[in-house]
Amino acid sequence: MSTSFRRASCAATVAAALVAAAGCTGGDASGPTPPSPSGEAAGACRSLHDRLPKRVDGQQRITLDPASKYTAAWGDPAIEMRCGVPRPEKLSPGSEHYNPTAEAAEVNGVSWLLEQRDGGYRFTTTDRAANVELSVPEDYAPEISALPDLAKAIRASVPKRS
């Protein structure tokens, strides 16, 4: 057997092993970028993470890689949640995008800012100690249907701003 044939054979074996290992992720999905909350917001987000439902809008919760107490996701395409995000510019006085009459909705005792995005909606809580953001792909239209499934966990974990 020639040296070049052995090298090619070895390289093919290593490549096959890497492909097989990459396919064995156990259903993990690359998730949303975890925010970096601190203080009361961080504690509220960790509490929320422990109370999140197994299903949102009929979609099963998925395992994220990397795992974080500040993110979660359901379904494919993923409905993505991030807790401890910055306050949206539309709700921040002094921001050039500030809009005190921005579209909002209260769903089961939780107030949400509604922002249409390319391919779906982003919802962000408006009156909580930690801002919770939920991105819902248009595949789940009407996208607002995902919000009731999170209301109980948010009310129990993330106190209203004082």
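## Aromatic pair and neighbouring strands

Phe 123 is buried, with a relative accessible area of 1%, where buried means under 20% relative accessible area, exposed over 50% and partly exposed in between, for a 1.4 Å probe and protein chains only. The model is predicted, so local features need pLDDT of at least 70 and side-chain atom pairs count only at pLDDT 80 or more, whereas totals for chains, interfaces and linings use all residues. Residues are numbered from 1 along each chain as its sequence is written, and side-chain values use heavy atoms, with hydrogens and water left out.

A search of the whole structure finds one aromatic pair. The ring centres of Tyr 121 and Phe 123 lie 5.7 Å apart with their planes at 10°, so the pair is stacked; rings of Phe, Tyr and Trp (its six-membered ring) pair if their centres lie within 6.5 Å, and planes under 30 degrees apart count as stacked, over 60 as edge-to-face and the rest as tilted. Tyr 121 counts as partly exposed, at 24% relative accessibility.

Strand E6 (residues 110-117) has six of its eight residues buried, so it is largely enclosed by the rest of the structure. Strands (E, at least two residues) and helices (H or I, at least four) are DSSP runs numbered from the N terminus, and two strands pair if DSSP finds at least two bridges between them.

| Strands | Bridges | Direction |
|---|---|---|
| E5 (residues 104-107) and E6 | four | antiparallel |
| E6 and E7 (residues 120-125) | six | antiparallel |

Val 107 stands opposite Val 110 in E6, and the hairpin of E5 and E6 has two residues between the strands, with Asn 108 in the turn at a positive phi of about 50°. Gln 116 stands opposite Tyr 121 in E7, while in the hairpin of E6 and E7, with two residues between the strands, Gly 119 takes a positive phi near 85°.
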